[in-house]
Amino acid sequence: MGQLRDFDQMVPGESVQALTTENTTLKRRVQQLTGEHRKLQERLEGARSNLRFANKRIADLEAQILEQGR
């Protein structure tokens, strides 16, 4: 991937078949990576939500400790 091909050296019949096969393979890879990206985005959002909850809980506990110390 990411390489230019010298199409002048490819046999015309082969070039169409090779490009079709490679295009299909790349489309499947894009679909796979898109799915993985979506899952990772969901996990990241879940982790951020958990972190916000934990930070709020910690702040509440710190406030309780300060109140008890008075």
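1. How much accessible surface does the protein chain have, and what share of that surface belongs to carbon and sulfur atoms? The accessible surface of the protein chain is about 6800 Å², and 56% of it belongs to carbon and sulfur atoms, with areas taken from the Shrake-Rupley method using a 1.4 Å probe.

2. This is a predicted model, in which local features need pLDDT of at least 70 and side-chain atom pairs count only at pLDDT 80 or more, while totals for chains, interfaces and linings use all residues. Residues are numbered from 1 along each chain as its sequence is written, and side-chain values use heavy atoms, with hydrogens and water left out.

3. The protein chain contains one helix and zero strands, where helices (H or I, at least four residues) and strands (E, at least two) are DSSP runs numbered from the N terminus. Of its 70 residues, 3% count as buried, buried being under 20% relative accessible area, exposed over 50%, and partly exposed in between (1.4 Å probe, protein chains only).

4. Two salt bridges are present in the structure, each defined as a side-chain nitrogen of Lys or Arg within 4 Å of a carboxyl oxygen of Asp or Glu. One of them joins the side chains of R52 and E45 at 3.3 Å, N to O, and E45 is partly exposed, its relative accessible area being 40%.

5. Another salt bridge joins the side chains of K56 and D60, again at 3.3 Å from N to O. These residues, K56 and D60, lie four residues apart in helix α1 (residues 12-68), and so are separated by about one helical turn. K56 counts as exposed at 52% relative accessibility, whereas D60, at 34%, counts as partly exposed.
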